Amino acid sequence: MASGNGASALPAGIRILSRGGSALDAIEACAKIIEADTTDTSVGRGGKPNVLGEVELDASIVDGTSHRVGAVAALTGYLHPITVARAVMERTPHAFIVGDGAARFAREIGAETTQNLTPSTRKLWVERLRSVGETPASVRRRAKLLPVVRKTVREERGTVNFLALDGNGDLASAVTTSGWAYKYPGRVGDSPIVGAGNYCDSRYRAAACTGYGELAIRNVTAKTAVDRLANELEDAAFNIVVLSPKGVHASATNRQGRRYVWMTTRMDEPTLEARILVKRTARRSRSAGTSRRRKM
């Protein structure tokens, strides 16, 4: 299963699973398809850049059976961050490599390079800068970027995630993203943070998030799944997909009209379904809680 923007990639993953392939191989193959799809402006090549015009990519992959994890963040110049993340998991003593170190490692393993800023996404970046009175040249001269970022960032956050269950009963999960559009350079969201935007354990479940990553980081949301979704501190877009070891799947969101996609080896094409809408509930004030405890 996947977030809605992963629909076109699911058949590739299903072919791998149908041949007896692993959940890890299936999710990596699916993620690579979306990373190379320039029509998806929230992932990989064609993803929206940071405020300086650089496309910084984040990704993580989790083996739910061995509990090995691999992640990269703020990776620039490479087409498939999910493959680099898997290599971190399988070929290094580490779990998470970022920035220049991630790029150096990608180069060392011979990962495929590319120019991730496409002409169409560069145009979108220039237009956003113009809307706040800036140009590519002016923003690069600025000593302080935060005042510009506060004006450029809006609710433009996107990600693709994949969860898979293979014939051996092993679960695996993958998340890949270009992050928050026009963000501050070096901003890392929840996608590469295992437990926040991505979590998997073959004994229990797999879960992955899209939307406002800062919320997932604060609440370790992928690990606690949907139980906290109704009580987030901010009214920001947030979505989650969950897959159990028995193949039971579900998805929730706090925005009307959001969908997810799923597919099995018995199906010819993916099914797109509405996510469960979880309405935001009012939080009790601390003073009210204190007052009630005193009365008791």
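Ala95 touches Val69, Gly70, Ala71 and Val88, leaving aside residues up to four places away in sequence; contact here means heavy atoms within 4.5 Å. This is a predicted model, in which local features need pLDDT of at least 70, side-chain atom pairs count only at pLDDT 80 or more, and totals for chains, interfaces and linings use all residues. Residues are numbered from 1 along each chain as its sequence is written, and side-chain values use heavy atoms, with hydrogens and water left out.

Ala95 sits in the loop between helix H3 (81-91) and strand S4 (96-98). Helices (H or I, at least four residues) and strands (E, at least two) are DSSP runs, numbered from the N terminus. Ala95 is partly exposed, at a relative accessible area of 35%; buried is under 20%, exposed over 50%, and partly exposed in between (1.4 Å probe, protein chains only).

Now to H3 and its partner, helix H4 (residues 99-108).

| Pair | Angle | Axis distance |
|---|---|---|
| H3 and H4 | about 85° | 10 Å |

That makes H3 roughly perpendicular to H4, a label for angles of 65 to 115 degrees. Axes are lines fitted to C-alpha atoms, for helices over the stretch in contact, and angles run from 0 to 180 degrees between N-to-C directions. Val84, Ala87 and Val88 of H3 meet Ala102, Phe105 and Ala106 of H4.

In helix H1 (residues 10-18), the buried residues include Leu10, Ile14 and Leu17. Their cover includes strand S1 (2-3) and helix H2 (23-35).

Conventions:
Parallel < 35°, antiparallel > 145°, perpendicular 65-115°, else oblique.
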